[in-house]
Amino acid sequence: MGLGGGPHGAKAVFLDKFSGAFANVRRLDDVRQMVGVGRSNTLAVLDGNVMMNAIPSSVDTFRGYVAILANQLNEAIQAAAHVVVVFDEPKAMTPAKADEQSRRDQLRQARVPLCSEDLVATIMDDDYHTNHLIADGCNVKLLMEFRKARPRFYDAVCAALLRKFRAEMKGEGAWSLTFDGVDRRGGDRGIGVPREAGILSTDDDFWQPLLARTEPIGEGDLKLTDVTQRVHNASRTEGSPVHGVLLNLVTTIDTDSFAIELLQQNRRERRTEEADRDELTVLCLKERARKRKGDDFVTDSHYTCCDMQVFHELVLDYFYGTQHLSDAMKAQQPAALALFASALALCGCDFVEIKGIRADLALPVVRQIVRKHPKDLDYMRRLFETERNNKIQALLAVQNFVVRYAASLEDVPRMKKAKDNASNYCQAQLYRALWTCSYWHQQ
């Protein structure tokens, strides 16, 4: 899941407006060294769904997937003593996410070759074992097109990776590799036996209870933040395997992590104990190598890294214009960032979009509201209350944002269509924005 892209999208705007929070870095270990934190004090959390879907198109075998993912995990293990790879959990998906996945599946099916009834292009469901994956001619790239077949494949790959690293990392000191959201039986679960998504780790005794959740998290994007929070809590306990961990390397390609991690950073900043505020988080967005059309110029693969502590500070500086805030203004910050997140959602994400709203033009409107319309932030604050009827009063804040955004385009050249589109919103879109904001808050 990502925010609206392009030259006016959130990522481009953030790189321009808040450039002091960003750096391009070749490897994850370089990020850690830039921050000046030891490997033993570093946690890397990786989005497994992103890793699985980013395998080159030329690789279509089970062993090929394992080899490439092993290289990526080796890079992460060189940077961090503890590596956690998170996966979606289909049974815990929200209806909104399931609806979005259904839309994507319809697009995927067009890429699967048509065959006669007596032939099968690839495995299409859950009825197979690891030996089917390693058989000659099994095209796992096509298997990835079928959502029913994917979970067992992920399980089999992760089980193979764990065996590989256990064998190769003996005598390498303290380290751990954990998969969150896979079935520990791998691809050898019985045919027809229900899948049980859970934890598979080189240190099950520690990581299984640490990552056990009363309420499962369906989407990996939210797990990224949840894992860092759980590890931070455990890191404060003397004798814990993660004692002293203070740097989080959150690795993904999904730009909605900007919103998720910004909201989480605000919660970190508001911790009551000063000693509890030493946690550092760097969002590492993986960028592919790119070749410029028409010449031999190549941009090597790298990470666009965002220091969330600096990013959080620069965003609030932009909104308030000063670091010297009254207690009342400080108390408003969660509501201000929630309104900002809702505005980003309306600019376009998987769950909602109002045509005509752009991140570059929405940012100054949110700033105007933060500075001049504190009543709207009072409305937005209701989103954090328990009762639903209180929560939905935040709708007024989002509605006022859209109205003020449309008004801000009145005299902007070549923006009449955008203004008309933004003005013709419906209330369902505002509700979706509020839902997305709550979702990013892990509610």
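A crossing of two helices is right-handed if the near helix is turned clockwise from the far one by less than a right angle, and left-handed if anticlockwise. The model is predicted: local features need pLDDT of at least 70 and side-chain atom pairs count only at pLDDT 80 or more, while totals for chains, interfaces and linings use all residues. Residues are numbered from 1 along each chain as its sequence is written, and side-chain values use heavy atoms, with hydrogens and water left out.

**View 1. The crossing of helix 9 with helix 10.** Helix 9 (residues 204-211) passes helix 10 (residues 220-235) in a right-handed crossing. Helices (H or I, at least four residues) and strands (E, at least two) are DSSP runs, numbered from the N terminus. The two axes come within 10 Å and cross at roughly 120 degrees, which makes helix 9 oblique to helix 10. Axes are lines fitted to C-alpha atoms, for helices over the stretch in contact, and angles run from 0 to 180 degrees between N-to-C directions; under 35 degrees counts as roughly parallel, over 145 as roughly antiparallel, 65 to 115 as roughly perpendicular and the rest as oblique. In contact (heavy atoms within 4.5 Å) are Phe206, Trp207, Leu210 and Leu211 of helix 9 with Val227, Arg230, Val231 and Ala234 of helix 10.

**View 2. The pairing of helix 17 with helix 18.** The axes of helix 17 (residues 395-408) and helix 18 (residues 416-423) come within 9 Å and cross at roughly 160 degrees, so helix 17 is roughly antiparallel to helix 18. The crossing of helix 17 over helix 18 is left-handed. Helix 17 contributes Val402, Tyr405 and Ala406 to the contact, and helix 18 contributes Lys419, Ala422 and Ser423.

View 3. An open sheet of mixed pairing is formed by 8 strands in the order 1-10-7-6-2-3-4-5; two strands pair if DSSP finds at least two bridges between them. Strand 1 (22-25) and strand 5 (198-201) are the edge strands, each pairing on one side only. From one strand to the next, the twist averages 20 degrees.

View 4. Strand 2 (residues 42-47) and strand 3 (residues 82-86) run parallel and are joined by 5 bridges. Ala44 stands opposite Val83 of strand 3. Helix 11 (residues 256-269) lies across strand 1, strand 6 (247-252), strand 7 (280-287) and strand 10 (302-307), at about 175 degrees to strand 7.
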